[in-house]
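Please read the following report with the sequence and the coordinates open beside it.

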Amino acid sequence: MKALLVNPYIHDVSAYDFWLKPVGLLYIAKALRVSNFDVKLLDLLDRNLPGNDAHDGPYGTGKFHSEIIGSLKTYGIPRYTKRYGAPLSIFDEIDFDPDVILVTSMMTYWYGGVFETIKLLKKRFKVPVILGGNYVTLLPNHAKQSGADFVISGDGIPKIYDVIEEIMGKRIERAVGTDWFQKITPDYSLYETLDAAVVHTTYGCPFRCTYCVAWQKGFRSRSVDSVIEEIESLKKMGVKDVAFYDDAILVDKARFKEILEALPLGIRYHLPNGIHAIYVDEEIAALMMKKNFKTIRIGYETGDELLQKKTGGKVTNSIFQRAVEILKNNGFTYKELGAYLIIGLPGQSFESALNDVMKVISMGVKPFLNEYTLIPGSVDWIEAIKKDITLKDVDPFLLKGALIHHWWKESMGADNIETIKRKVQNFARSL
């Protein structure tokens, strides 16, 4: 049986390739291949595809090709929506005749790209389309409008086997079950050219931040040997940059130190997903410097002590300051070291958010601003719809950080957020 696996377009007001790879889809690819499927990948966000590399950035990052597809002026928002990814002509170049198509999804507010991709696939092929991924898991009813023939939420591999068996009308050999994270690795061999890759050493998160949903996956870890084997394999494929996209990679410090000790040299490593400051120590910092870590982001989010406690209590100001001092003492500078700050949190004042930015800058750390997004399924989401039930009917696209602050009464407002962003931009230009 032939399966075409598709990473869809992004519809958004902005998007950038910070080592984006459809890791879940690549796990599914491996599961199907070891079950004797003929598998092909169409990653519409792959910047090695012709026409999709608008600009190369540092360490394998960069800008996607994009086209304006609409305007948000009818909502009173002065922004244009764009399609990010390979030119549409890529669909005419697909040399594969699949029996089934599997489409993944990421952010809930990117659903527009999912819908368009499925429409294009349906026009090109007359075969069943299966849709899964993060968006489907969080908004399963909304995802039923996608045009897909089957919609699968949650951990997809066992359910995908079920659906494919229904399509084929017969049993297939099942290589893995719910233990897929321990048994297989993402199939990066499906890329013709691969400069950078994403690796997960853990899955899910033990913390319960109110604005996040990662904890709903539970928390699992892979063996150290399997992680190192995967990275060694990626190195042989010519990968120069590896980004660890764990939600809580430092939680088991002893395990992470084992991984650091065994990491092969000759690769640049990155931690773009916000490490927990409380677990940073001298040994970890020294090992990361030794092993060529070029990107370290700390999840600080807010310096407001009340908001820190209210949103989950994963960090305090003293813990953050201690982590920064340790990392700087081991040689990391403003170039490598950054802190995530959320601006627009419910109950956050303009003055508080601005003070957070200035504090981070004064410590020699680069601030990375995340405009607060209301994620369906999060604790914040549940509290928000208790206050305003009409939020349940809002277009998920409008819940994105860059848009929600134009209309949501719980926000400090788009103008204040833009003022803070300009101050950060002006500081960056002065360096």
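This is a predicted model: local features need pLDDT of at least 70, side-chain atom pairs count only at pLDDT 80 or more; totals for chains, interfaces and linings use all residues.

Residues are numbered from 1 along each chain as its sequence is written, and side-chain values use heavy atoms, with hydrogens and water left out.

Helices (H or I, at least four residues) and strands (E, at least two) are DSSP runs numbered from the N terminus. In helix H9, which spans residues 282-290, Ile284, Ala285, Leu287 and Met288 are buried, meaning under 20% relative accessible area with a 1.4 Å probe and protein chains only. These residues cover an arc of only 165° around the axis, which puts them on the same side of H9; the arc is that of the directions from the helix axis to the C-beta atoms. The buried residues of H9 pack against helix H8 (253-262), strand S15 (268-275), strand S16 (293-301) and helix H11 (317-329), where contact means heavy atoms within 4.5 Å. Just after H9, asparagine 292 takes a positive phi of about 75°.

Strands S15 and S16 belong to an open sheet of 6 strands in the order S11-S14-S15-S16-S17-S18, with parallel pairing. Strand S11 (196-199) and strand S18 (366-371) stand at the edges with a single partner strand each, so one side of each is left without a neighbour in the sheet.

| Strand pair | Sense | Bridges |
|---|---|---|
| S15 and S16 | parallel | 4 bridges |
| S2 (residues 10-12) and S7 (residues 80-84) | antiparallel | 3 bridges |
| S6 (residues 66-71) and S7 | antiparallel | 5 bridges |

Within these pairs, tyrosine 269 has phenylalanine 293 in S16 as its bridge partner, aspartate 12 has lysine 82 in S7, and glutamate 67 stands opposite arginine 83 in S7.

A nonpolar core is a set of buried Ala, Val, Leu, Ile, Met, Phe, Trp, Tyr and Cys residues joined through side-chain atoms within 4.5 Å. Of the 95 residues in the largest such core, Leu5, Leu32, Phe244 and Met288 touch the most other members, and helix H1 (residues 23-33) gives the most to this core, with 8 residues. A second, separate core of 41 residues includes Leu42, Ile90, Leu121 and Ala148. Leaving aside neighbours within four places in sequence, the contacts of phenylalanine 244 include Tyr269 and Phe293.

Notes: Buried means under 20% relative accessible area, exposed over 50%, partly exposed in between (1.4 Å probe, protein chains only). Two strands pair if DSSP finds at least two bridges between them.
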